[in-house]
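Please keep the sequence and the model at hand.

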Amino acid sequence: MAPITTDNYELECATATVDNNTINNEHFEHFVERVEEGVERDFEEEESGNAVNESHLLSAEHDDDNEEKDKQMPWEAPRAQGLYDPQNEHEACGVGFIVNIDGKRSHKILRDAQTLSERMNHRGACACDNDTGDGAGVLASIPHGLYAKALAAQGVTLPELGHYATGIFYLDNATHAAAESEFDELAKSLGLEVIGWRTVPANQNAIGTVALKSEPLSRQVFVGRAAGTDEKDFQRQVFVLRKRASHELARQGRRFYICSLSDRTVVYKGLFTSDQLWDYYTDLQNPEFETYLALVHTRFSTNTFPSWERAHPLRVLAHNGEINTLRGNVNLMKAREGVMQSELFGEDLKKLYPVVEPNLSDSGSFDCVLEFITMASDRTLPESVMTMVPEAWQNDKTMPQEKRDFYQWAACVMEPWDGPALISFTDGRYIGAVLDRNGLRPSRFYITKENVLVMASEVGVYDVDPSQVTLKSRLKPGRMLLVDTKEKKFIQDIELKSKIAKSRPHSDWLQQKMITLDEIRNANVLNTPAEDVPQLPASQRGIFDPRLSLFGYTTETVSMLLIPMFKNKKEALGSMGNDAPLACLSAFQPVVYEYFKQLFAQVTNPPIDPFREKVVMSMQCPVGPEANLLQPSAQQVHRIWLPNPILSIPDTNLLKRNTHRGWKTKVLDLTFQYSEGVSGYIECIDRICREGVAAANAGYQLLVVSDRRVGSGGRAAVSALLALGALHHHLIETLQRMKVGIIVETAEAREVHHVCVLLGYGADAICPYLAFELAQALRDDGVIDSDVTNKQIYAAYAQAIDTGIAKVMAKMGISTLQSYKSAQIFEAVGLGGELINKCFRGTQSRIGGVTLEILAKEGLERFQLSYGKVSPDTRILRNPGQYHWRHGGEAHINEPSSIGSLQEAAVNKNLNAFEAFKKTTLDSVKKCALRGQLEFVTDRQKIDLSEVEPASEIVKRFATGAMSFGSISLEAHQTLAITMNRIGGKSNTGEGGEDSDRYLNQVPEHSRRSAIKQVASGRFGVTASYLANADDLQIKMAQGAKPGEGGELPGYKVTKDIAKTRKSVPGVGLISPPPHHDIYSIEDLAELIYDLKCSNPNARISVKLVSEVGVGVVASGVAKGKAEHIVISGHDGGTGASSWTGIKSAGLPWELGIAETHQVLVLNNLRSSAWLSR
């Protein structure tokens, strides 16, 4: 195959033949290397047997029929290309508002808002031209006098305030006349009349070059209120007009975006810095612009092609933070379209769908839902916010009962939109702010004697004489503040939420309708018990159970993972990283779960500590049908409330036959006849989808997908994960998902990661029955204490899984299981596009890979090995060495013969041993890593050796890994430093720091000074002297071995030397929490970079990230924050201890991260601003 080339590099996709004994050939045949910018992303037409179908990859580039469709307009941001995907973009911001509580209009409010905005300029960022901001804007009440005068100059008379709505549209010169005409017609069809349009006056000299290239034509519309229409009806008419216009008038090649359309407020925003905003829009300089409120926002995007459209404020909010559960929130909002009804809109409600418009940011999606709930139901704006961003109520024993009951009702209505967030909101009457349940964004406010409230995401943005301040405070986690300009009141959190909580009889509803497992158990005491599961013969119990090998259990699974869970109620710990092959390169048919890697937070939002912040975390969830979101009622809480997602075998059997309160359960059989082969496997998944939709339509409340029948009568089983994912997405597409709860009863899931993946793709609860039955057999065999009851086994396992899930959620900054469910916070590595679209829609799988047919073949092969007439040896549980190297088992990068050869070469200077080391290492890399699949291009003209940099210069670019002494000995740590100093390379202190006697008064030949000083936090020995004696200052944002987690050095390991270096006390444990450096956003990192540069102007500032999908976009933001060096760590490195789930299932290979980061930096014109290394 010809090499793929770009301006920056030339690489060839791997097409080498691979020995079936080392790598599953069918895996490899469908394994696609994605390294070129602009590679076509659609893998649906992959051809079996080819690594890359070149004509398919390049077809879009040469297809004349698609030329117009693929043409990128000047105002559009780059589309998905190479490893870049715009859906991975992040943002962080400064936000604030100022409001006259009495509703008195003045121009001073706007000028004060300008001060507020300009003093948050550091919270924004600039593009590569250093003169284009990432976005800034202001939302204000309508300046009626200004607009009336402007329209009068056009000969148009504007009605009195409140009898018209207005908003600014982003259009383009070529199509604006047609778009405006169509908008006028749409308004007329809805009983509204367009009074007129005007071009918003603007100063083009005020903005940067990049912004100017994509500048829209800003046109302002005025829509009149029909006679006899009351205020609320008019507001809803205007809402319908905007939603339908956004859906129906936007099209390819036409710019059409409505900044806002309201009878109370107007939004001015764009691609500015916060000071450019006020110079660009000349309306904002006009003294006749009088307002009683102003909400301002300045944006820091992680790339340099943010758009005018994505600037804030949005229609009803301005947001500082991230919604980590966005994909699940959006999917479930779409699914609710199947059960929503509105007395206000009737059948026209469907014309407002989709509720969440396509291609929006997390803030835009939140804005859509918040506005929709407020307009399509009788909820006030504050109540809608309270529903979407609840407090951490589950573990708060001091919370008043009526407020707890409100939140439990709200949990049955909608899952929380979870993530670090300060959300400021307004509809023109109310203006307020709410903080996320963790309080991970700052918010302070003042009230003055003039009855003016000022709120901002930081202090120092507004000058006020302290003697004029009547109240000064901050928003606390989960709390809300509100101003009602109609009632002229400032309302604090307690009063506000108490009133909302008492507005409906939530407590009575819960008492009448909520169902618990205890209630179901009591109701079924006298019922005929379900048939007991047939007992296997003694020869097939315990580790001899054929289902173990069928579902991929190994002796390591049992001894290293499951037994510790049953004995200790927690997951076992591991260390020293993960050097086993990726699932797509495995020789031992991994289960589908192993293809998924957990995502984690870094830089743009913080992970949280699941132990020290346990009070804000919850595993409680409602299960079962959701009622109509838009009509508050008792029916909304008619759901089963589960304390955690793990169901025991008896409880699962109980739910399968449950008829309490008229509920019905449909069991969907995951098994099929082995003789039906691959086609039977695929048909079984399709059958489950059909049966699931039919059951939802037939009024069943619960679906149980079960592989219980596997092995009986020659029945094989499909993967529970594949079936669940396909069913979940099919139910969403058919708008039936909200009508049923899904319980998974499977022998396949047993590890924390498996449970997390099932929950992430739609499971409401899980019964891992084979793990339970194995534990019972091990108890009977004496492996587990014989006094342990079945109930204790269930409880121990559930506790271990709950703790593990909490750690996984915490990596992404998610607090509640209800938000985590269906959120799909994973990347797939090695799954093909067709399979993703069928079972895991929306999940990124950037390198393509195996098909459903291949996974079906592997499942059938495991069935044959487990139940076929084969050698008795196959009855013994395998140990392929996934965790520890085994001869003849799974390959590992660090294997014994390789290490032995290296030691022999180093000690005895044996060149033959070094050659052996090189050969075995390269062979291991080929078997285990993506980079091993690449081949050098061989058809280029060779470069003369004299033109190549000498080895003595090349080694100066070498750097050691960041290992603290403590993880390795002090002697080893110093030896590495001395060696690197001698060859001109760099050694890294690691987060443990370095004692001053190593960098002061050193003899050059024996200098123990580490050139790279890692900064983990102030408590780890970071002093002014330490910072001053560095060539590189490296900010460690995540650790490759366990990304998203913190670290801990137990007290017994804190020796005198370690304590001295880290400025601590011997014997006292040292904890490094997950949010490193207390960095909660990209602006926080930019400030730390600035501070470090001030401490040592000569040092290069480096930031260490870990490879995951979207790391390139994060790195782009880091480069914009003035980092000079970016390190991308892989998932396989590190010495730190963590649970096996963290070590095995989080992070990606560094080569994917490096490639993505390079591509995104090039795309952003930032590649020359930072060094990139691994």
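Which residue with a positive phi follows helix 24? Gly-813 does, with phi near 75°.

## Basis of the values

This is a predicted model, where local features need pLDDT of at least 70, side-chain atom pairs count only at pLDDT 80 or more, and totals for chains, interfaces and linings use all residues. Residues are numbered from 1 along each chain as its sequence is written, and side-chain values use heavy atoms, without hydrogens and water.

## Helix 24

Helices (H or I, at least four residues) and strands (E, at least two) are DSSP runs, numbered from the N terminus. Helix 24 covers residues 790–811. The expected span of a helix is 1.5 Å times one less than its number of residues. For the 22 residues of helix 24 that gives 32 Å, and the end C-alpha atoms are 32 Å apart, which agrees.

The helix is mostly covered, with 16 of its 22 residues buried. Buried means under 20% relative accessible area, exposed over 50%, and partly exposed in between (1.4 Å probe, protein chains only).

## Salt bridges

A salt bridge is a side-chain nitrogen of Lys or Arg within 4 Å of a carboxyl oxygen of Asp or Glu. By this rule there are 66 salt bridges. One of them pairs Asp-651 with Arg-521 at 2.6 Å, N to O. This pair links distant parts of the chain: Asp-651 sits in helix 19 (residues 649–657) and Arg-521 in helix 16 (residues 517–523), 130 residues apart. Asp-651 counts as buried because its relative accessibility is 10%. Arg-521, at 32%, is partly exposed.

Glu-994 pairs with Lys-1013, with the closest N and O atoms 3.0 Å apart. Glu-994 lies in the loop between helix 31 (970–983) and strand 31 (1012–1015), and Lys-1013 in strand 31, so the pair ties together parts 19 residues apart in sequence. Both residues are buried. Elsewhere, salt bridges with shared partners join Asp-545, Arg-547, Lys-656, Arg-708, Glu-745 and Glu-773 into one network.

## Surface patches

Patches are made of residues with over 30% relative accessible area and no salt bridge; like charges are joined within 9 Å, nonpolar side chains (Val, Leu, Ile, Met, Phe, Trp, Tyr) within 5 Å. Arg-444, Lys-472, Arg-474 and Lys-476 gather in a positive patch. Arg-474 lies in strand 16 (residues 469–474). Its relative accessible area is 41%, so Arg-474 is partly exposed.

A nonpolar patch holds Ile-943, Leu-945, Val-948, Ile-954, Phe-958 and Ile-983, with about 570 Å² of accessible area together. Accessible areas come from the Shrake-Rupley method with a 1.4 Å probe. Ile-943 is exposed, at 61%.

How values were computed:
Lys and Arg count as positive and Asp and Glu as negative; His and the chain ends are not counted. The place of a charge is taken as NZ of Lys, CZ of Arg, CG of Asp or CD of Glu.
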